[in-house]
Amino acid sequence: MSNSPKMLLSSTALIQTPEWKALSAHRAEMDGVSMRDLFTRDSHRFGKMSVGIPGLFVDYSKHRATEETLRLLTNLARSRDVEGWRDRMFSGEKINTTEGRAVLHTALRAPKEANIRVDGENVMPFIRETLEKIRVFTESVRVGEWTGFTGAPIRDVVNIGIGGSDLGPYMACEALKPFAAPNLTMHFVSNVDGTHMAEVLKKVHPKTTLFVVASKTFTTQETMANASIAKAWLVDALKNPACVARHFVALSTNAKAVTEFGIDEANMFPFREWVGGRYSVWSAIGLSVALSIGFDNFQKFLDGAQAMDAHFRTAPLEQNIPVILALLGVWYRNFWGMESYAVLPYEQYLHRFPAYLQQCDMESNGKSVDRDGVRVDYATGPILFGEPGTNGQHAFYQLIHQGTSVIPCDFIACRETYNPLGDLHKLLLANFLAQPQALMQGRTLAEAGGNPQKVFEGNRPSTSILLDRLDPFSLGMLIALYEHKVFVQGIIWNINSYDQWGVELGKVLAGNILDVWDGKKDTSSLDGSTAGLLARLRGA
């Protein structure tokens, strides 16, 4: 139990609203409704429950929802002032109240003529200057003008970061491999487990490797430990500490720490505190992406996100893709008790996308205390997982189809492929279509020939997201779609989606354990289990 009296309160305002109560009553009415019947009754259901913008199409007709469901959910969104909060975010208001910060990853992809102010400053000139610095540097590396300490061109880039400083760039570089420079190989190191760094260093040569150290504060424990190992490896190989200047660049807000590490401030690419880590791939943190695909394609990546921003800002809630997906998520999480959902890309280049979304969603909305510091008495962020299709079909889809838990799914596919090998893409897309159909339709006992083992309950919800092709623009749209979905859910739940205090305690305790390990403190600060495990690790 918390020592704070305020924490003993519960946040009941949301569930006592007329909009929430109307949805609760509607949920009871929907209890025996089957999607099979909904499709049978309305031959136009697909057209009514799908929406698209150029390059991206979303079908949400395979949900336990009717037009009335969507109307009631939209009423809830309006009652929570989603539109007002959206406008405040885009304008630069400090909606991250627990940290006193604006939330302006959207400004990073805004049109250059925009005027977006934080504390009286129009931040767009700073953003454009940083983008120009990224353009000049990445182009010089890609054409061989920027060379290493010995004059050799850069052939390998090692991004050292963790969390948003790794998941975003890594995911985007993998997703956009068809656009990658043939003379550059991208590597990513995040884990403080020495194996991660050791295995990458086996693949690269000191004379031709550029290290990109990505840390907002330049104090992130894992990142700085790995950066120090890389620096020692490089200096040991090239026999001159001055080599660091040609082989290391920094993505950070802390110029002092960067220069103390040995990186010239001229080789630091800055961003501001209003860029959250898990929303930072659009900022200087995206340097590795720009190195891989080229600055022109990086700009298209930003443009795609800006296109989704424009849709989110202007489309009525009833036709607003991020809002619709957010509301369906609230419907299942809060009114059906569904704790998980799966993101299933039928596109191998998106194999890191579910991992990226885990941070975007679970770190943002994995909160049990609302904006007022009061414990919530309703469910918030779901558990997100996923793997590329068709791999997942031979792993965990069994549970999704016939398990005792109902897990809503997002299926993602691309109409076109960069690798038209035989009929593989047709086979992939056939599976992309078949799995949502099976989840919705199921198989009755009669259809299963009387064999109960082959019965599929069906009536399991899914969304199908179809891209024309996976390119920088469409990837930007897709990421921004999920960013805004998470934002809308956070507003409805009255939680701050832009802090992550739950991450901090483990960092503090790890520092304390290191002090005990090194003999700077005794074990009195440790519980019996931790002290016992530490003793075994130390061989005591």
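I began with helices H13 and H14, which are roughly perpendicular to each other, a label for angles of 65 to 115 degrees. The model I am reading is predicted, so I noted that local features need pLDDT of at least 70 and side-chain atom pairs pLDDT 80 or more, while totals for chains, interfaces and linings use all residues. Residues are numbered from 1 along each chain as its sequence is written, and side-chain values use heavy atoms, without hydrogens and water.

**Entry: H13 and H14.** I looked up the axes of H13 (residues 295–314) and H14 (residues 321–335), which come within 8 Å and cross at roughly 70°. Axes are lines fitted to C-alpha atoms, for helices over the stretch in contact, with angles from 0 to 180 degrees between N-to-C directions; helices are DSSP runs of H or I with at least four residues, and strands are E runs of at least two, both numbered from the N terminus. Met 308, His 311 and Phe 312 in H13 meet Ile 321, Pro 322 and Val 323 in H14, where contact means heavy atoms within 4.5 Å. I counted these residues by class as 5 nonpolar, 1 polar and no charged.

**Entry: the sheet.** I then followed an open sheet of 6 strands in the order S2-S3-S15-S14-S11-S13, with mixed pairing, two strands being paired if DSSP finds at least two bridges between them. Strands S2 (50–53) and S13 (383–385) stand at the edges with a single partner strand each, so one side of each has no neighbour in the sheet. Helix H17 (residues 424–441) lies across S11, S14 and S15 (462–467), at about 160° to S14.

Entry: The largest pocket holds about 960 Å³ of space, and among its 37 lining residues Thr 220, Gly 277, Gln 500, Glu 504 and Lys 507 are the closest to its centre. H9 gives the most to this lining, with 3 residues. By class I noted 12 nonpolar, 16 polar and 9 charged residues in the lining of the largest pocket. The second largest pocket has a volume of about 360 Å³, and its 14 lining residues include Leu 424, His 425 and Leu 428 among those nearest its centre.

For these entries, a pocket is an open set of points on a 1 Å grid over the protein atoms alone where a 1.4 Å probe fits, with protein on both sides within 12 Å along at least five of seven lines, and lining residues have an atom within 4 Å of a point.

How values were computed. Angles under 35 degrees count as roughly parallel, over 145 as roughly antiparallel, 65 to 115 as roughly perpendicular and the rest as oblique. Ala, Val, Leu, Ile, Met, Phe, Trp, Tyr, Cys and Pro count as nonpolar, Asp, Glu, Lys and Arg as charged, and the others, Gly among them, as polar. Grid points are joined across faces, edges and corners, and a volume is the space filled by probe spheres set on the points.
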